[in-house]
Amino acid sequence: MENIDATDLAILNQLQNNSNINIKELASRINLTPTPVYERIKRLERDGYIMKYVALLDKQKLKRGMTVFCNVRLKEHAKNVGANFVKDIVALPEIIECYNIAGDYDFMLKILVEDMSSYQDFVMNKLSTIENIGNTQSVFVMGEIKHSTALAI
């Protein structure tokens, strides 16, 4: 974390808890005037500390209330095979996160669907059509205990 000070960290903390806060309110919370706060935010964006701003949506209201973690093992591990798998996974809107992992499986997918029937349809008609999948294991979330997008800084 080069060229970042305690004031920048305070700004980042405020923004990650409410990116919709206006500059005047943010400046008040960290005891600065609006102009330097605005300039610091622009620098933090330019330097890549702030990647983007998003709205967090209610999964239940949008009929995506079932969360499934699906571990995937590939049959082959050639570079082009992995690249094709990633290309296919990125194209599926039900998959909101994908991690390349170490251990018994190669990838961990976070999938949001409406219900078990929707997940079955997803597996049968989308996931199973992706080439080179050797094995999958699904883990169904029964309840969300903690969910945060905020980094401890």
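The conversation below goes through a predicted model, asking on what grounds several of its features carry the names they do.

Visitor: Why is helix H1 called roughly perpendicular to helix H3?

Guide: Helix H1 (residues 6-17) and helix H3 (residues 34-46) pack at an angle of about 80 degrees, their axes being 10 Å apart. Angles of 65 to 115 degrees count as roughly perpendicular, and therefore H1 is described as roughly perpendicular to H3.

Visitor: Which residues make the contact of H1 with H3, and of what class are they?

Guide: From H1 come Thr7, Asp8, Ile11, Leu12 and Leu15, and these meet Val37, Arg40, Ile41, Arg43 and Leu44 of H3. Sorted by class, the contact has six nonpolar, one polar and three charged residues.

Visitor: What makes the pair of aspartate 8 and arginine 40 a salt bridge?

Guide: The closest N and O atoms of aspartate 8 and arginine 40 are 2.7 Å apart, and a salt bridge requires a side-chain nitrogen of Lys or Arg within 4 Å of a carboxyl oxygen of Asp or Glu, so the pair qualifies as a salt bridge. Because aspartate 8 lies in helix H1 and arginine 40 in helix H3, the pair ties together parts that are 32 residues apart in sequence.

Visitor: Is aspartate 8 buried or exposed, and how do you know?

Guide: Aspartate 8 has a relative accessible area of 1%; since buried means under 20%, aspartate 8 is classed as buried.

Visitor: With which other arginine does aspartate 8 form a salt bridge?

Guide: The side chain of aspartate 8 also meets that of arginine 43 in a salt bridge, at 2.8 Å from N to O. Here too the partners lie in H1 and H3, so that this pair ties together parts 35 residues apart in sequence. Asp5, Asp8, Arg40 and Arg43 are linked in a network of salt bridges, and the structure holds nine salt bridges.

Visitor: What makes glutamate 144 and lysine 59 a link between distant parts of the chain?

Guide: Glutamate 144 forms a salt bridge with lysine 59, the closest N and O atoms being 2.9 Å apart. Glutamate 144 is in the segment after strand S4 (133-140), whereas lysine 59 is in the loop between H3 and S1, 85 residues apart.

Visitor: Why are glutamate 144 and lysine 59 called partly exposed?

Guide: Partly exposed covers what lies between the limits of 20% for buried and 50% for exposed. Glutamate 144, at 47% relative accessibility, therefore counts as partly exposed, and so does lysine 59, with a relative accessible area of 26%. Aspartate 58, in the loop between H3 and S1, counts as partly exposed as well, at 38%.

Visitor: Which residues have the most contacts inside the largest nonpolar core, and which elements contribute to that core?

Guide: The largest nonpolar core has 18 residues, and those with the most contacts inside it are Val72, Phe85, Leu109, Ile111 and Leu127. Strand S1 (66-74), helix H4 (79-90), strand S3 (107-113) and helix H5 (116-125) are the elements that give two or more residues to this core, and S1 gives the most, with five residues. Apart from this core lies another, of 12 residues, among them Ala27, Ile41, Leu44 and Ile50.

Notes. Residues numbered from 1 in each chain as written. Predicted model: local features only at pLDDT ≥ 70, side-chain atom pairs only at ≥ 80, totals over all residues. Heavy atoms only, no water. Core = buried A, V, L, I, M, F, W, Y, C linked by side-chain atoms within 4.5 Å. Buried < 20%, exposed > 50% of the residue type's maximum accessible area, 1.4 Å probe, protein only. Helix = DSSP H or I, 4+ residues; strand = E, 2+ residues; numbered from the N terminus. Axes fitted to C-alpha atoms, helices over the stretch in contact; angles between N-to-C directions. Parallel < 35°, antiparallel > 145°, perpendicular 65-115°, else oblique. Contact = heavy atoms within 4.5 Å. Nonpolar A, V, L, I, M, F, W, Y, C, P; charged D, E, K, R; others polar.
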